[in-house]
Amino acid sequence: MMAAPVKSEMDVRSPVQSLTIGKALNLGLRAAMEADDKVIVLGEDVGKLGGVFRITDGLQKDFGEQRVLDTPLAESGIIGTAVGLAVRGFRPVCEIQFEGFIFPGFDQISSQLAKLHYRSQGRVKVPVVVRVPYGGGIGAVEHHSESPESLFAHIAGLKVVSCSNPADAYWMIQQAISCDDPVLFFEPKRLYHNGQLKSEVDTANPVGPLFASRVLRQGTDATLVAYGPSVKVCLDAATAAAEEGRSLEVIDLRTISPLDLGPVFESVRRTGRLVAVSEASSESSVTSEIAARVQQECFYSLEAPVLRVTGFDTPYPPSKLEEHFLPDLDRVLHAVDRSLGW
Amino acid sequence: MSSPEQWTHPEPGEGPAARAAQPSREQVIAGLRATSEGGAELTQLLTPEGERVPAPLFDSYVQDIDGAALRGLYRDMVLVRRADREANAMQRQGQLGIWVPLLGQEAAQIGSGRALKPQDMAFPSYREHGVAYTRGVDFRELLGIFRCTDHGGWDFNAHRFHPYTIVIGNQVLNAAGYAMGQKFEGRVGDDDGEATIVYFGDGATSQGDVHEGFVWAAVYDAPLVFFCQNNQWAISEPTERQSRLPLYQRARGYGFPGIRVDGNDVLACLAVTRWALEECRHGNGPVLIEAFTYRMDAHTTTDDPTRYRLSDELEAWKLKDPIERVRVHLARGGLADQSFFDQVQADADAFAADLREFTFNMPEPPPERVFDNVYAEPSPVLEAQREEYLSYLDGFATAGER
């Protein structure tokens, strides 16, 4: 039988805590596991080790080996068995160790996870969350710094989200777990333990709905839209621009599929200018989709073409070169200059 | 018999790597087929001539199969074969887009399917129409897939029969996860325990997902029966293109039992699958069963087997027909008379006529079906796309063109 919910630090902690994104995810997972004993965590090294990024730290100790599974080393197996566990009635949360290792599981994600609900005419639900640490900036070797989210956004049947701050991390992971659809949950790995982002998280009051974008900073001259690790870059750019007297609006997309572009349209209708930022390569990407939809919906409001600041259309470079590849504050401000000067 | 041990065993006095393993094609084929003619490793209870032969390890699993039960198995096989032939014919008439014949595999599917208890779960590939029948799935509900009006319509949970899986081998991992769930819920360990069976073919054994399914089920002690129907052909590729080793012997490398059963012997398939399921429901899983059978027809109606296999192979397998041996056994043993066989044939014809009637009158799916059930929870973006397209269509209706 399932183990009874266990006592934990959740029982004694204050409803408002100062957390990093990594710790917020850890506590969010813990809260989801306490709320529903069908929630199980599976992945490589997620048990005793607590995951290579320690996001699942302490969960196996408190919830047992049948709810936190150290799996064999095969990503198709992780996703494929999670599908079967979900069909059985569990709510599996898979951890893919690094985004570059997700591709052995791509077949199961695309062929089963995304399509079973459609194939079965709604009779088979597969509420699986696939957690994917993604993005660069950690000085790693190949396959440890990529941004493959557009590949999954392109697959009907999947939902794709990315968090950028501790409060969202804490609540979005729980909302993803309680969603009846499969959710690819992209986590900005270089920000996991970033002390600058450490902030107060109200663990008693949820943030808004999961599949909704949010304006993080209001502005009037141009709009920046980003998600995941690029949100911090945009916020920093807006702060720097403010010192030069420019007012930039920053929108955190939060959900990549389905896109919630209402706040972006509303913003662009006011500012007339949009710069979309992402670490992913630009070709056929989330930023391409944003550009297409904004020109369709805001055609007469645009004062300049939608500009994009992205990773280049190359494989992720050796990390000694990643500062050239990754969108940074200067490249974002350069794009803002081009937009304003159009 | 040629065996991997012989291929790799060093000559006395030579180092272990002195002889590389490189068996000839003939050696591999001999190994793969060594037990196909009733050798010691092939479990058989009913010979192709209809003679009941003792199988000490498995006889107890079919003690309850009296004349009436055997007549039932015979009827099952005749009905699904008749339905299979009807569907094949309907494809030829353009009423189905494609058909995937099960001809020749009736015993493997009916025997294993009838071994399942109501609480057990089955994960099919896409040829398991006979198993679907044993799970109580209305045969008509399979036909939407092949008339291309849906991707699968039955209530998988009520029938304990998962949707068909077309990508080769995917379902093996899904079944492993499901069986892990049965174990995690504490539903394993006694006579009332649950088990899962997953169906795949000889070609699928080359897939990574099948390997991973073996690994997962083994390390989590999952109550999973791997039921491999080795029908000798993966479209045009023979089993020796998939393996040097008889497939059931692979189980040993993963640390669980593997057994080869005569896949054309419904009684043996029933007995061996019952044994395997009992092992699993009592917590001794997983188990691999290789049902050694033959795909008597094409891979699908789009395939032409005359391009890659000889007709005398087919003729040889006709002598091992899964239905004929039961008919002979029933008749010779006085367990059924001519009126029984006539009645079964009449029932089968009526069954086929009903399928035909149903298929010809199957409604066309409405256009909004394209958008249905993509998500469990609504997606506003998709809703907008749906509304836009339906309103576009309505424009034709208004203009009188739809």
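How far apart do the C-alpha centres of domain 1 of chain A and domain 2 of chain A lie? The C-alpha centres of these two domains of chain A lie 26 Å apart, in a predicted model where local features need pLDDT of at least 70, side-chain atom pairs count only at pLDDT 80 or more, and totals for chains, interfaces and linings use all residues. Residues are numbered from 1 along each chain as its sequence is written, while chains are lettered from A and ligands numbered from 1 in the order in which they are written.

**Domains of chain A**

The domain assignment, which is automatic or taken from a database, gives domain 1 (12-202) and domain 2 (214-340) in chain A. Their contact takes 23 residues from domain 1 of chain A and 23 residues from domain 2 of chain A, where two residues are in contact if their C-beta atoms, placed from the backbone, lie within 7 Å. On the side of domain 1 of chain A that touches domain 2 of chain A, the largest share, four residues, comes from strand 6 of chain A; helices (H or I, at least four residues) and strands (E, at least two) are DSSP runs, numbered from the N terminus.

**Contact between the chains**

Chain A gives 37 residues to its contact with chain B, and chain B gives 36 residues. Helix 3 of chain A gives the most to the side of chain A that touches chain B, with ten residues.

**Strands of chain B**

In chain B, an open sheet of six strands has the order 1-7-8-4-3-2, with parallel pairing, two strands being paired if DSSP finds at least two bridges between them. Strand 1 (42-43) and strand 2 (121-123) of chain B stand at the edges, each with a single partner strand, so one side of each has no neighbour in the sheet. Strand 7 (residues 258-262) of chain B pairs with strand 8 (residues 287-292) of chain B in the parallel sense over five bridges, and B:Arg260 stands opposite B:Glu290 in strand 8 of chain B.
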